[in-house]
Amino acid sequence: MDGLIDDIPPLVDQYSHGAVHGDLGLGEFETHLAEAAGSTGPAPPGTTFFDSRAGLAVRRWCPPLLGLEPLCAPVSYLARRRELGAYRAGHLLLRGAGIGTFLLEAGAPGDLTSPAELARAADGRAHEVVRLEPLAARIADTSGGPDAFLARTAEALYAAARTATAFASGATFCDDTPPAATGVREAAGRWLRVRRTGEGPADPLLAQHLAWSAVATGLPVQLHCPDPQRLTGFLRATASSGVDLVLLPDPWHRRQAAQLAAAFPHVYADVGARPEETLREAPFGKLLFSTGARGLAELYVVAARLFVRAMERLMGDWVADGWCRAADAGRIASLVAAGTARRVYRLDAAAG
C-alpha cells in the first residue's frame, strides 16, 4: 500500500528483555535463535536453527544493516558480526529496526542490556517495566519472616512506582477479590521456606497478592497470561480502579486476549508482530505491538519488519475491498504501532 509505511511513526515496542553483551560464537547465537524458533532441544541432524522461519527472517532482514546482501550464508553473517564487534553490530541493528521507544522488562536472567544501555545503542528511548516476581524474590532472600517480607515488598513496590513505567505480573490466575491477609501471610511463609532450600516459583496466592498490590500503585500492569480467560474475574473486578491492564498472552491465545480487551474499557492486548487476527476482534486503539525480543538484537529487527509488512498487507487489502480509505489505514497502523502504547504508558508525559 503506497505511502502507508512512511506514515507509521517510530514503533513503540511495549515488551522485550534487551540484548546480550559481548560477541557471540556460533553456539551461543544458535541458542538464542532456538529460543526465538520456539525450540528447547538441539537442531535436527544436518541442520541448524537458521533452518527455521526465525532463522530465515534474520538472514532476510539483518545482513543489509551490516553491509551484506540479504540471505547471505549464516557463516558469512556471523563473521561480519564478529568483524564489526558486538557494540557496533548491535548499534547498527537496533538503529535500523525502526523502533523509537522500548519498554524493557528489566531483571531477567542473563547478561542483558539495561534500559539505559538499550536506549543509547538504539538512539531512542527506553523505559523500565518492573516484573513483580523477581522483585519479591530479591526481597525474600534478605528478609526474615513473612511479616517483614510483606512489609518490605510493599515498600519496594511504591518505591519502584516512582521511576518505573509499568509493572508486570506472571499470575496465571487471579480471583475477583484480593486474597485475604491471613492467606497471603501463610503463602509468604510457605514460599520463604521453599526458597531456603531452592529457587521455587512464587506461591500462586502470593502472585495474586502482588498483582493486586501493583494495581494499587496506579501504574499500568502487564499480565503475562498463557490463557487470558483465567484472568476474567480480575479484569472485571479492576474495571473501576483507573488502572490500565495489558494482556500478554501466548501466541495461540491472542485472539481471546483481543476479545477481552474489547469487553473491558481498561484492558488492552498485545499483538506481538502479527496483528492480522487480533484486528478483527477488538477496537484498533486497544491493541499494541511488541517484539518480545530477548538476547539477539536481530530479533528486534525481525519483529519490527514482520509487523510493518503485516500491517501493510492487511491495510492494503482493507482499502482495496472498500473497508476504509488510505488515511484511515494509516491511522489504524499508527495506533497499533505506537499511538496506543504512548497513551496507555503515558510516554509523552514521561518524555516531557
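Guide: Contact here means heavy atoms within 4.5 Å. Buried means under 20% relative accessible area, exposed over 50%, and partly exposed in between, with a 1.4 Å probe and protein chains only. Helices (H or I, at least four residues) and strands (E, at least two) are DSSP runs, numbered from the N terminus.

Visitor: What kind of model is this, and how are its residues numbered?

Guide: The model is predicted, so local features need pLDDT of at least 70 and side-chain atom pairs count only at pLDDT 80 or more, while totals for chains, interfaces and linings use all residues. Residues are numbered from 1 along each chain as its sequence is written, and side-chain values use heavy atoms, with hydrogens and water left out.

Visitor: How many helices and strands does the protein have?

Guide: The protein has 15 helices and ten strands. Of its 352 residues, 52% count as buried. The C-alpha atoms fill a box of roughly 60 × 50 × 45 Å along the principal axes. Among contacts between residues at least 6 apart in sequence, 68% join residues at least 24 apart.

Visitor: Which residues of α4 are buried?

Guide: First the general idea. An α-helix has 3.6 residues a turn, so residues three or four places apart point the same way. In α4 (residues 74–84), the buried residues are Y77, L78 and R81. They span an arc of only 95° around the axis, which puts them on the same side of α4. The arc is that of the directions from the helix axis to the C-beta atoms. V75 and E83 are exposed, on the face turned away from the buried side of α4.

Visitor: Which residues of α12 are buried?

Guide: In α12 (residues 254–263) they are R254, A257, A258, L260 and A261. Down the axis of α12, the buried residues fall within an arc of 160°, so they line one face of the helix. Their cover includes α11, β7 (245–249), β8 and β9.

Visitor: How is a pair of aromatic rings described?

Guide: By the distance of the ring centres and the angle of the planes. Rings of Phe, Tyr and Trp (its six-membered ring) pair if their centres lie within 6.5 Å; planes under 30 degrees apart count as stacked, over 60 as edge-to-face and the rest as tilted. That rule gives seven aromatic pairs. For W212 and F234 the centres are 5.0 Å apart and the planes stand at 90°, so this pair is edge-to-face. W212 lies in α10 (residues 204–217) and F234 in α11 (residues 232–237), so the pair ties together parts that are 22 residues apart in sequence. Both W212 and F234 are buried.

Visitor: Which aromatic pair is tilted?

Guide: F284 and W318 form a tilted pair, 5.8 Å centre to centre with 50° between the planes. F284 lies in the loop between β8 (267–272) and β9 (287–289), and W318 in helix α13 (residues 297–320), so the pair ties together parts that are 34 residues apart in sequence. F284 is partly exposed at 27% relative accessibility, whereas W318 is buried at 12%. Elsewhere, F29, F50 and Y77 form one aromatic cluster.

Visitor: When does a charge sit over a ring, and at what cut-offs?

Guide: A charge sits over a ring if NZ of Lys or CZ of Arg is within 6 Å of the ring centre and within 35 degrees of the ring normal. The charged end of R60 sits over the ring of W61, 4.0 Å from its centre. That of K286 sits over the ring of Y268, 5.1 Å from the centre.

Visitor: Where is V215, and what is it in contact with?

Guide: V215 is in helix α10 and counts as buried at 9% relative accessibility. Leaving aside neighbours within four places in sequence, V215 is in contact with V221, F234, T238, S241, V243 and L245.
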